Amino acid sequence: MHFAICIVGSNTAFDKHLFPKCTVLAMHVAFLVLVDWKTGKYSCAPRYVLGDTAMQKMAQSHVFLSGVGGLGVEIAKNIILAGVKALTVHDTKQCTKWDLGTNFFIHEDDIISQRNRAEATLHHIAELNPYVHVAASTVPLDESTDLSFLKQYQCVILTEVSLSLQKKINDFCHAQQPPIKFISADVYGICSRLFCDFGDEFEVLDTTGEEPKEIFISNITQSNPGIVTCLENHPHRLETGQFLTFREVNGMSCLNGSTHQITVVSPYSFSIGNTSDMEPYLHGGIAVQVKTPKMFYFVSVFVKASFFSAPLQIHVAMLALNHFEENFGRMPNIGDTYTLLFCSIFKPQVNGDLVKWLSRTAQGFLAPLAAAVGGVASQEVLKAVTGKFSPLQQWLYIDMLDIVIPLEKMGSEEFLPRGDRYDALRACIGESLCQKLHDLNVFLVGCGAIGCEMLKNFALLGVGTGQDKGLVTITDPDLIEKSNLNRQFLFRPHHIQKPKSYTAAEATLNINPCLKIDSYINKVCPATENTYSDEFYTRQDVIVTALDNVEARRYIDSRCVANLRPLIDSGTMGTKGHTEVVVPHLTESYNSHRDPPEEEIPFCTLKSFPAAIEHTIQWARDKFESLFSHKPSLFNKFWQTYPSAEEVLQRIKSGESLEGCFHVIKTLSRRPRNWTQCVELARVKFEKYFSHKALQLLHSFPLDTRLKDGSLFWQSPKRPPFPVKFDFNDPLHYDFIVSAAKLFSTVYCVPFTEQVINTAVVFLFHYLNLFCTKCMYFIPLNTTHLQVVQTDETARKPDHIPVSSEDERNAIFQLEKSILSNEALQNDLEMKPIAFEKDDDSNGHVDFITAASNLRAKMYNIEPADRFKTKRIAGKIIPAIATATAAVSGLVALELIKVVGGYPADAYKNCFLNLAIPIMVFTETAKVRRTEIRNGISFTIWDRWTIYGKEDFTLLDFINAVREKYGIEPTMVVQGVKMLYVPVMPGHIKRLKLTMQKLVKPSADKKYVDLTVSFAPETDGDEDLPGPPVRYYFVQEDN
């Protein structure tokens, strides 16, 4: 696999922070410099990626796309899902059998009725996003066409258009004022090309899309240049030349509000210019990265290759292919003397394999390659119409020589058409490999964005369509949500709240009715190993994961290693994505490397010392869980255990300690009975959270408090809180009260209507102001009553808070009062816990968290966040966009072909990409490591020793069998976390006489158990030597 970027008039920098561990293998980059112009040298998911400004620009853009073949339909799908205003799809060709294997929106009846490709796909493209106006055009587009009609579009995309016409249209678009953004893309067999021209000058306001970095400052020197040092263990991750603005600096206050260009000194410091004349730095301060616009320059470069100073071989080869097509009116066939034509035109030293395979496969089409290139191309379209992210400058080439070179010995008849939907694929990989794909058993875990794209690729490749063999098994426990529709393209609005796996299976059959597909809705985890058993995994030829969490990936990887199954993993986050191939006996597994754990917010930071909006949002999210989910669940559990209040009262009076009793009784005694009391409870919470909490902290730690070393307690990153005084006219205060009251009404089963809220709220607030004036005075707790305020960042939230004897007496009094007031009846002993749901805007969940978070932010003088950002952080939403998922799924499907073909280790490639920069890095898979035990005995993660026992087989027999078969004696035997035999443990020597059946205690249907063994070190005092898993069969298996 080769990846080539040809860039005009620009320099690029590899982001070392993005791929710190990558070994770049085959990223061939060349600069094709013509002229150094000017210098002389629908949805939340795309919105989270692009931002509001870019979404608004995109929603006003008109795009023209010519060529609705396999690549064109990929581009159309992605930009429709993203949400442009209007798209015109143009094509003059009729649907053919060939299109069934390349275009997922063309069906058999389109071929029978000889429909135009644009008209046949129009309806399917349009229903992806009802907010995008989609039109079809079938008029000829050729050298004689008047191009003035293109002036109505902001971006023009060409696929399957001759090189001469591409040049003419490119020149026209470039000459307009403002220029029409021009993109051309093509896939010829195993090779692909992408070209962008956005005019002489193209301004980008945000080149990366990353959140501006905020750096907490610990010191600034009074020198030239001034050196800024970050807080300990918090690297700034900045680059020289970036700009920062300062705020909240104490002492060197003239820096506040100023902007400086920085020079990196170390990972924890940078310089900002002369600070020698400024006041001495005292403490605090935050440096915030400033996004600066960047100008990109383009030229129209569809010109003769002789102008290029450093031509890439693939660039030259594809230009030659275009000349061949224009001279002969067709693509070369297998056996054409293409090399002679190539050499007569260009004459450089060219890779013979590249020329040969481009010639042999040019008539064919690799659908997964189109998916990958289509993802990149459609992201460039979004850049063109929004000015967000760095555009490609200006050429991109990707080839799949890795796939075809191992097919060298195949006869030419393998690649000839047979009149079915797989002719385009067959022309690239041959009939034998096509048949292996048809007979494949594949298990796809996850039917979200990547899962939908993968199923589309499976359908086009014919995976699981064999007459006697082949099956696609899919699973996903989730239901379809509205927010899924903008990137999970198999789903439509009428599918909402239906199972993803069943719906995806049905939609995939519309693409290829011959597909055999089996759908599940189970989560793949230890609890479902009866369904996804070892036998299940053994039946699979390959497992493909499309998951959104590391834990699930690690579990499935362990199952693949245990059952010697290949695994292809992938994932995306916004414009970033990765693919990883795991092949038994050839590569390391997913679990062989560990990413650093995500940083958790310390408990003391959340509870008392927030420093960033993320801290206040997490605090509000935790409050939601505590108030509306956790406490109601504990309340219900308690009263399910103790069915009556009278029984509980009798027990606690007799001195019995009932777990959770105090908190349950407290909740019961304060239970609101009507809407007014729900508002009253919300108002009490307001005062507690946003006034009393601040007053108590300042009482415990006055502003002039100093630490033992003499430094101020309240200095960066600690911010002193200031109480928020309730104001009925403040919309934020109002929102908190109303949203909290609604949620209290729900959990306490208090009916309310919007009319009740609107008519009663003014009166209630007036009443509550009087209520609070009389009853909500702040009385500070002294140290004897006050729980110690936690300042240790390593401390965790305590599991249990002890209850005092006074609290117990109050509980008895409160419960007696509730019983006497008939407020402890059966209905009073039930609550309705609420599960947080981010996608339903009417439920008030995000409203509460937004209001609570921003009130806490106001209390600590932290910049607030809008509802949209709050929803993303509180809902732990992973930003997603169809462009990246399409690109990643295409790369996965290309690796799948190699796995099915049984390719050697050096053929497989992992990929890391970021379409925003843009960058794609292909790396070799990590070769499997071999661990030496001793005396020439070694193993890898893929090795498994096997011992066959019988009913009376003892632990000693097992140890002797390992020694006799493998030449080394185990000194320790472990089953999972259970230690079966550790000689130093008391009583373990006696276990040697016990049978394996008694020690392991297998279930009736369990045939074997995997054990971990260790061996004695060669030198006393060294650690025991690890060994491979030993699979012990309880009885001899029949061969």
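**Exercise 1.** Which strands does helix H13 lie across, and at what angle does the helix run to S19?

*Solution.* The model is predicted: local features need pLDDT of at least 70, side-chain atom pairs count only at pLDDT 80 or more, and totals for chains, interfaces and linings use all residues. Residues are numbered from 1 along each chain as its sequence is written, and side-chain values use heavy atoms, without hydrogens and water.

Helices (H or I, at least four residues) and strands (E, at least two) are DSSP runs, numbered from the N terminus. Contact means heavy atoms within 4.5 Å. Angles run from 0 to 180 degrees between N-to-C directions of axes fitted to C-alpha atoms, for helices over the stretch in contact.

Helix H13 (residues 449-461) lies across S19 (441-445), S20 (471-475), S21, S22 (542-545) and S23 (567-573), at about 160° to S19. Helix H14 (residues 500-511) touches S20 and S21, making about 165° with S21.

**Exercise 2.** State the strand order of the open sheet and its edge strands.

*Solution.* The order of the 8 strands is S21-S20-S19-S22-S23-S24-S25-S26, with mixed pairing (at least two DSSP bridges between two strands). Strands S21 (517-520) and S26 (919-924) are the edges, each pairing on one side only.

Within the sheet, S24 (residues 576-582) and S25 (residues 909-914) run antiparallel, joined by 4 bridges. His578 stands opposite Phe912 in S25.

**Exercise 3.** Is Val984 buried or exposed?

*Solution.* Val984 is in the loop between strand S31 (978-981) and helix H29 (996-1000). Its relative accessible area is 75%, so Val984 is exposed (over 50%; buried is under 20%, partly exposed in between; 1.4 Å probe, protein chains only).
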